[in-house]
Amino acid sequence: MLEAAADPSVLLIAPTGGGKTMAGFLPTLAELAKSPKPGLHTLYISPLKALANDIKRNLRTPVDEIGLDIRIEDRTGDTTQTQRRKQRADPPQILLTTPESLALLLSYEDAPRIFNGIQRVIVDEIHALAESKRGDQLMLALSRLQTLAPTLRRVGLSATVEDPAAVAKFLACHPNETRLVLADPGPDPDITMLETETPPPWSGAGGKYAIPAVLDLVRAHNTTLIFHNTRAQAEIFFHNLWLANDEQLPIGIHHGSLAREQRAKVEAAMVAGQLKAIVCTGSLDLGIDWGDVDLVVQIGAPKNVKRLVQRIGRANHQYNAPSKAILVPANRFEIVECKAALDAVIAHELDGEPRGRGPRDVLCQHILIRAASGPFDAAELYAEVTTAGPYHQLSPEEFEACLDFCATGGYALRAYDKYQRLVQRDGLWQLRDPRAARQIRMNIGTILDNETLKVRLKNRMGGAPLGEVEEAFAATLTSGDTFLIGGQVVRYEGLREMVVEVTRNATKSPKIAAFAGTKFATSTQLSDRILSIFAQPSWPDLPDHTAQWLALQRHVSQLPEKGRLLIETFPHEARSHSCIYGFAGRNAQQTLGLLLTQRMEEQGFDPLGFLATDYATMIWGLTPLEDPASLFDVVDLREGLETWLAGNAVMKRTFRASAIIGGLIDKMTVGKRKSGRQATFSSDILYDTLRKYDPDHLMLDITREEAMKGLIDFGRIEHMVARTQGQIDHRVLDRITPLAAPLFLEVGKVPVKGKAEERLMAEEAERLIAMATGS
Amino acid sequence: MNVFPFSFQDCHLEASGAGALFWPEERILVVSDLHLGKSERIARRGGQMLPPYETIDTLTRLDAEIERTAPSVVICLGDSFDDLQAGAAIDDQVSDWMTRLMAGRTWVWIEGNHDPGPLEIGGTHLFEYRVGPLVFRHIATPGARGEVTGHFHPKARMQLRGRSISRPCFLYDDHKLILPAFGTYTGGLYSDSPVFDPLMREQAHAILTGQTPCQIPMPRSD
């Protein structure tokens with residue numbers, strides 16, 4: 001790293017545990033040792049607050065040992081106001097922060113003074129940031145930083161990725177290039193699939209059956225990380241683990257919905273080596289280096305080989321020893337998935353989709369942030385933002401449209417002449433009303449929490465905070481309902497000032513907290529491997545029960561084949577279900593769901609909703625599907641694309657996200673919500689209004705582009721339909737099939753708002769009236 | 001658009017799926033909380049620049065209701081404009097349109113909390129308006145009888161085979177009728193809010209708006 005210290009941009013790729021963070025700091029420490037100047041020298045950015053904390057601790061020790069007098073401080077959402085003010089007035093030499101905190105710093109008028117003289121910026125876990133809008137925002141922030149400090153050098157630290165050149169381009173200050181430094185990947189991991197006496201259930205996602213085996217593993221190791229794919233699953237598993245934990249092994253839980261105090265406690269206990277195991281989610285995915293972890297357990301199929309490899313790297317943070325990991329499939333379908341993932345890890349086959357260009361909603365926010373920090377010249381800002389990797393190809397017209405949107409709203413039919421947000425004075429753009437800066441700062445960031453409510457224990461003192469639940473979940477609770485949070489069963493008592501009040505209640509079996517959590521998409525590489533496994537005449541290398549299950553599916557229906565399209569239709573819980581096993585990847589399956597439900601709506605099948613996984617789209621409705629082949633006409637599907645693009649729930653969700661990020665609507669703040677709900681209205685109304693009166697508006701254009709990235713993939717659908725033309729196998733069955741069962745547990749159902757809803761409403765109204773009148 | 005017929009204070013009324021109330025016998029059309037000029041007001045106060053089309057959209061829908069019912073009286077139950085300045089700032093297109101809608105009929109603006117004073121626009125401005133057993137006001141008063149009001153933007157939700165549907169709604173019992181907001185940029189207050197407890201009696205109903213309006217017992221907090 002010291003050799004590359006003078007390069008304007010360096011990307012270091014090393015496996016977890018390779019000490020890459022310390023390597024990133026090495027040139028900085030060397031420079032500060034040689035000439036210890038006051039003022040900000042190095043900025044360290046990580047995607048997680050906890051990581052910034054952790055690095056501060058790990059950096060302090062060697063710096064003190066060498067006897068360097070260096071100020072190292074962190075600045076995150078948790079930093080106190082006093083501390084923040086101090087940092088702005090007198091910045092430390094090394095500042096550890098997050099992309100959002102950096103964006104906030106850049107929005108202040110004194111940003112040029114704060115960052116004057118900064119020499120280096122270190123972006124940790126850049127592989128994770130490069131996959132999200134947070135990374136795009138960060139790269140825009142770096143473009144600004146580079147103008148304030150032209151000699152700034154960039155260092156990116158990345159775990160193993162499938163396409164290092166893409167990450168290097170992302171980081172570079174164009175037209176400069178990034179130098180790539182590749183570290184030794186280390187030994188292959190020791191990775192196996194758990195086989196238990198009791199087979200995994202037919203369906204289900206919790207991995208409850210494996211609890212005795214997991215407890216045995218925990219006992220036999222120093223510290224075990226038990227990863228789950230969603231927070232809700234982590235909660236349920238943790239609860240069940242404790243019910244079976246007769247020896248009272250110290251086991252904690254850590255995920256993003258828990259209150260900060262709760263998480264801090266677990267983190268401290270982990271550092272002190274007091275915990276035998278931690279049940280966790282993606283919140284522990286990234287390289288926080290704590291404790292003596294010697295085993296990683298992954299509950300549920302890993303969905304993505306790259307992420308699995310990175311998680312496995314959490315075990316044994318020593319460079320030369322193999323990491324040890326055990327996969328625990330939650331149901332029989334996942335045994336096949338886990339097998340496919342194991343094969344892929346052994347074959348060193350990482351997966352990943354190339355990422356599109358930088359989203360323009362993030363650019364709009366950047367323009368507003370720039371305006372908050374002071375007047376700017378449009379041409380200069382354009383030149384600046386196009387040095388950022390994700391925005392390198394942004395055209396002047398596109399930039400102009402974003403600026404116009406920020407300034408005037410960008411409406412075609414009417415204008416806010418008097419009330420523009422940005423105005424041009426003496427050739428420079430600035431806020432019409434400087435007080436608007438405050439609102440812009442409050443809306444900084446690209447992570448949109450689902451609207452969540454805090455959960456507190458109810459008592460006279462105000463009660464301890466336990467965490468957060470989604471508002472939509474809280475709305476379904478009535479007093480007396482129980483749910484799981486932080487591993488405890490609690491009883492819902494009521495809602496007070498937007499806080500969910502609960503009491504402890506250990507007796508009843510809980511309703512489940514419906515955390516959104518992160519939902520991973522299985523990569524298409526894994527999907528292909530799974531189809532190949534299906535094609536085998538028998539499955540000697542799978543456990544017997546799974547082999548029998550696949551055989552049963554082959555017996556009652558059939559297994560999906562490459563080059564054909566299997567569709568199963570069967571009744572379940574008073575609805576007709578159709579499963580389309582397209583194996584086209586989640587995006588394409590999702591789009592297919594949208595298109596097919598729209599056509600079914602037209603043809604009077606009254607679809608109610610659908611869900612998509614990487615392998616299948618399941619649609620449910622009131623009328624069974626008869627001749628699915630007629631739905632799969634490519635021309636009709638393409639025509640349908642335009643129509644559904646406009647009106648569906650997924651587009652509305654995408655619109656909401658882009659409208660908030662782009663500054664069209666405020667992030668909901670708790671304080672505002674308290675002041676009366678009838679004053680606020682849904683973003684769906686804005687979406688519908690724009691579509692009706694201003695269909696070419698920038699925000700709709702951005703929404704389309706972002707939705708395309710996330711879900712459309714129409715090319716893959718055409719490919720699938722062409723490949724399977726006339727090769728549709730429609731199986732009409734009287735009950736749910738073995739292969740369909742796991743689909744019922746997937747999250748992410750998309751409702752279809754159509755005639756079925758009216759039909760159900762009429763039915764329900766009749767039922768309620770009948771109940772009320774006692775007839 | 002379908003309508004739901006119901007009886008209130010022995011008057012035969014119709015709740016439309018769009019959220020308007022019609023009294024055929026008296027040829028009276030009632031709408032509430034139009035909030036015209038809301039986007040303008042938000043921008044003026046230094047907030048976001050929302051799509052400035054809600055006034056056109058609200059008037060388009062009101063026009064359709066007037067077309068459908070051909071009323072001799074139109075009552076706007078208050079909060080017709082988002083504030084007084086919004087009322088003063090309407091452009092020629094909008095004021096011509098409103099003049100056309102008002103022509104040949106009685107037009108009553110009930111005062112709301114957002115637009116308390118008189119407006120430089122046609123029609124009669126009143127605090128309340130009485131016809132037969134009914135009195136039209138902006139905000140419901142506890143204990144009043146035969147009262148038709150707006151203000152709260154009521155909405156209701158119902159659970160249907162695992163799905164939750166939420167719609168703006170009419171609320172009524174023997175003595176009171178509360179209309180949903182008719183304006184395009186309006187949110188709502190769920191009927192299970194404690195706000196409605198002192199206003200609506202035990203046996204209250206909710207009529208959900210939408211393609212086919214339908215009536216259910218008013219959902220309330222336990």
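Between chain A and chain B, 10 residue pairs are in polar contact, both residues at pLDDT 80 or more. A polar contact here is a pair of N or O atoms within 3.5 Å; within protein, one must be able to donate a hydrogen and the other to accept it, and residues adjacent in sequence count only if both atoms are side-chain atoms. A heads-up before going on: this is a predicted model, where local features need pLDDT of at least 70, side-chain atom pairs count only at pLDDT 80 or more, and totals for chains, interfaces and linings use all residues. Residues are numbered from 1 along each chain as its sequence is written, chains are lettered from A and ligands numbered from 1 in the order in which they are written, and side-chain values use heavy atoms, with hydrogens and water left out.

**Where chain A touches chain B**

- The elements of chain A that give two or more residues to the side touching chain B are α16 (396-408), β23 (607-612), α25 (683-693) and α28 (755-773); helices (H or I, at least four residues) and strands (E, at least two) are DSSP runs, numbered from the N terminus.
- The largest share of that side, 10 residues, comes from α28(A).
- By class, the side of chain A that touches chain B has 28 nonpolar, 11 polar and 12 charged residues (Ala, Val, Leu, Ile, Met, Phe, Trp, Tyr, Cys and Pro count as nonpolar, Asp, Glu, Lys and Arg as charged, and the others, Gly among them, as polar).
- Contact, meaning heavy atoms within 4.5 Å, links 51 residues of chain A with 42 residues of chain B.
- There is 1 salt bridge between the two chains (a side-chain nitrogen of Lys or Arg within 4 Å of a carboxyl oxygen of Asp or Glu), and it joins B:Asp57 to A:Lys692 at 2.5 Å, N to O.

**Helix packing in chain A**

- Helix α9 (residues 211-220) and helix α10 (residues 231-244) of chain A pack at about 75 degrees, with their axes 10 Å apart; axes are lines fitted to C-alpha atoms, for helices over the stretch in contact, and angles run from 0 to 180 degrees between N-to-C directions.
- So α9(A) is roughly perpendicular to α10(A) (angles under 35 degrees count as roughly parallel, over 145 as roughly antiparallel, 65 to 115 as roughly perpendicular and the rest as oblique).
- A:Ile211, A:Val214 and A:Leu215 in α9(A) meet A:Phe237, A:Asn240, A:Leu241 and A:Ala244 in α10(A).
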